[in-house]
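Q: Could you walk me through this one? I'd like to start with the loops and then move on to the core.

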Amino acid sequence: MIIETLMAWAQQRADEGVRRALPPQAYTDPDMLALECERVLKRGWIMVGHISQLQTPGDYVTHEIVDHPVLVVRGRDEQLRAFSNVCAHRSAVIAKGCGNRTVFRCPYHAWTYDPTGKLIGAPHMDKAAVADIRLKELNLEVWQGLVFVNLDDGAPPLAPDLAALEPRIAPLALAEHRVIHVEDLELACNWKILVENFCESYHVFAVHKDTLEAPTPTASTELREGGAGFNHHIQRNSTPLPDALKAKLNLPEEQANEFHLICIYPALAFGFSPGHGLGLTVLPDGPNRLKARMWLTRPSYEGDSPEAAALAVKRVREFLAEDMGIIESLQRGLAAGTGNRAPLHPWESPGWEFSRHLLNRLGVDADDVPA
Ligand code: FES
Ligand SMILES: [Fe+2]
């Protein structure tokens, strides 16, 4: 039923050539969510950490991708691997949080795995019976220091879909950042609402008038061409870069004040400037709820201080609280079903690109819908 609704919606957009937000049911219907999970999120590349969290053998992070616990760990051979974080014995979840371990011991019957996923101990079991047991390995890809996992064994690689984005952000050396803050968020709204919130800066002058509007004005929005795997816009940031960082990155003035806002499909909202990075993996927890994990990163440069880093975290939490204050109300409005009818502003084009991507992945042909 939801597919028919979306097909009719896509046809109307193709006929009239006007961009509008997805129909309200796309944010409230449990069938929509089930399809998104199966066709989009379980087949998409999901960011689960930053490379600075996984530098040393034994370093690991965990995440949960649509009810599937995952574990990423660096082995003694320096190799990074992703696994289903589920015990081969009776499915207990093995590792929690993040940190460093030489082995991973299941809390239920103490079966123990090494960082290559091989079972190396199973108390009271006949050794021969468990000789070839391993954790299920998952697809992993590191792109510009961001660590992604894909639950689909047959998924095409991520990097080709981000090829056009790479030269725009490579000069900022994100892989050399370090994580300064990780936080889990829960909100009473559909997961797409938070993703879409990062796909436009049109709301900045209204929602962030006392925080972001002065340093990164709404009117400084510049759209960048999106690609198969992403959308991208920038704002100009008037906060000057510290001289040491400027010298280290050696960026042209034109790039030094760019604040990039990017969505890496399907679930990563990603914002960064030369001085900081913000990654937000947004996943559903039911049609009307989301769970997100946020990573804040920062480059190392002479003269930086823990106080400056703490202030940066405080600022991000401030403007994020402003977003959260408004976007839960969208869910209540969407439940009424009377909105999402008016044309979008051109600054909302990246969100429109996200909608088209989603429809195509759901099997709704949106190629005739105007780009
Ligand atoms: S479920 Fe892990 S050891 Fe039994
Ligand atoms: Fe915002």
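A: Gladly; strands here are DSSP runs of E, at least two residues long, numbered from the N terminus, and the model is a predicted one. With that in hand, valine 66 lies in the loop between strand E2 (59-65) and strand E3 (68-74).

Q: What is the phi of valine 66 like?
A: Valine 66 has a positive phi of about 45°, although it is not a glycine.

Q: And is valine 66 buried, partly exposed or exposed?
A: It is partly exposed, because 18 other C-beta atoms lie within 10 Å, and a residue counts as buried if there are 20 or more, as exposed if there are 12 or fewer.

Q: Where is glutamate 78?
A: Glutamate 78 is found in the loop between E3 and strand E4 (80-84), and it has a positive phi of about 75° although it is not a glycine. With 9 C-beta neighbours inside 10 Å, glutamate 78 counts as exposed.

Q: Switching to the core, which residues have the most contacts inside the largest nonpolar one?
A: That core has 86 residues, and those with the most contacts inside it are Val72, Phe148, Leu194, Val195, Cys263 and Val282. Domain 1 (2-45 + 158-362) and domain 2 (46-150) both give residues to this core, so it lies between them.

Q: What is valine 282 in contact with?
A: Leaving aside neighbours within four places in sequence, valine 282 is in contact with Trp191, Leu194, Val195, Ala267, Ala269, Leu290 and Ala292.

Q: Which peptide bond is cis?
A: The one from tyrosine 265 to proline 266 is cis, with omega near 0°, and proline 266 sits in the loop between strand E14 (258-264) and strand E15 (268-273).

Note on methods. Residues are numbered from 1 along each chain as its sequence is written. Chains are lettered from A and ligands numbered from 1 in the order in which they are written. This is a predicted model: local features need pLDDT of at least 70, side-chain atom pairs count only at pLDDT 80 or more; totals for chains, interfaces and linings use all residues. A nonpolar core is a set of buried Ala, Val, Leu, Ile, Met, Phe, Trp, Tyr and Cys residues joined through C-beta atoms within 7 Å. Domain bounds come from an automatic or database domain assignment. Two residues are in contact if their C-beta atoms, placed from the backbone, lie within 7 Å. Helices (H or I, at least four residues) and strands (E, at least two) are DSSP runs, numbered from the N terminus.
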